[in-house]
Amino acid sequence: MVTVSKIECSPQTPEQPRLEKDLSPSSAATSEGSASLDGEPQLNITGETNEIDWAKENADGFAFRDYDNQENERYAVVANAYRLMHENQTHDFVKGMHAKWRKFDKGEFTIMEIITMLDDLVDDSDPDVAMPNSIHDYMTAERLREAYPDDDWLHLVGLLHDVGKVLALWGEPQWATVGDTFVTGCKPSEKCVHFDSFAGNPDVKHEVYGTEYGIYEPNCGLDKLWLSFGHDEYMYWILKENGATIPQEGLDIIRYHSFYPWHTGNAYTHLTNEHDETVTRKWVDLFNKFDLYSKADEYPDIEKCRPYYEGLLKKYGIDGKLRW
Ligand code: FE
Ligand code: FE
């Protein structure tokens, strides 16, 4: 019988993988220069609404994020990606992925080199588009740049938010790279798309992981949660490890942008804290519509806008070779 400590979410828990450094979701960045502003960033324009019009159509003529429409030719691929994710992303698997990918020993590359690699990646979990991810990165960034021309850290967040999908090009299956995330170590929320496929995950029958709070204390906060592993979590730690000076709110957008059951479904609020609900949610919601709606835009002229983003990488301390 497995016994799991109730305080696993604290940084010094004996349940953590035994590595040289703390690999819990809430551990501090190893670099000194990371992410700081005096107080929460303020946007330079106002009047935008964060509400998403879910009936708006994507480039293929279907509603965005419609996972149940079997007429969509991407239905089978997407449903299969979620089934594999929900069956295989157990709590132990997630801890193993932190241990594997937070060694940052996979090579040294610039962000632009990685984005170029993403020309070869199409996201199997995305019902809306089958475009190479490199183009999606620029489209999201350019839309944010248009709406908030003076908030350049947001443009950079747009460019970077999916760069962690390089995991799929380095041997990880898509079910461990892309898709909406969920909390492991406790019962999955019914707000997760393709919820039925959790029936194949052994954790749902676990005496602790299968319960509502699982290993967590009430309202322990997002950064204490072990989310299913993928490009969000990986890119967050890449930026932390390499000393990015993007505001923490921007790093949190990257880390939680796929946590749809929370930010759109309002699930897991028994685990989030006040900062998550009043600050992080606001920024993730704002970002979200740019991530989605840019998918119906014209392709941007990447050669033309690349120098602008190279300038932002320099400004925020991540212009050279990073450790991946
Ligand atoms: Fe993403
Ligand atoms: Fe995206």
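Let's start with a pair of helices in this predicted model. Helix 4, covering residues 133-147, and helix 5, covering residues 152-160, have axes that come within 7 Å and cross at roughly 165°. Angles over 145 degrees count as roughly antiparallel, and therefore helix 4 and helix 5 are roughly antiparallel to each other. The way helix 4 passes helix 5 is a right-handed crossing.

Which residues of the two helices make the contact? Helix 4 contributes Asp137, Tyr138, Thr140, Ala141, Leu144 and Arg145, while Leu154, His155, Gly158 and Leu159 come from helix 5.

Eight of its nine residues are buried, so helix 5 is largely enclosed by the rest of the structure. The buried ones are Trp153, Leu154, His155, Leu156, Val157, Gly158, Leu159 and Leu160. And what covers them? The cover includes helix 4, as well as helix 3 (111-117), helix 6 (231-241), helix 7 (248-256), helix 9 (274-293) and helix 10 (302-315).

Finally, step back to the whole chain. You can find ten helices and four strands in it, and along the sequence they follow the pattern α-α-β-α-α-α-β-β-α-α-α-α-α-β. The chain has 324 residues, of which 43% count as buried. Consider, too, the contacts between residues at least 6 apart in sequence: 76% of these join residues at least 24 apart.

Key
Residues numbered from 1 in each chain as written. Chains lettered and ligands numbered in written order. Predicted model: local features only at pLDDT ≥ 70, side-chain atom pairs only at ≥ 80, totals over all residues. Axes fitted to C-alpha atoms, helices over the stretch in contact; angles between N-to-C directions. Parallel < 35°, antiparallel > 145°, perpendicular 65-115°, else oblique. Left-handed = near helix turned anticlockwise from the far one by under 90°. Contact = placed C-beta atoms within 7 Å. Buried ≥ 20, exposed ≤ 12 C-beta atoms within 10 Å, placed from the backbone.
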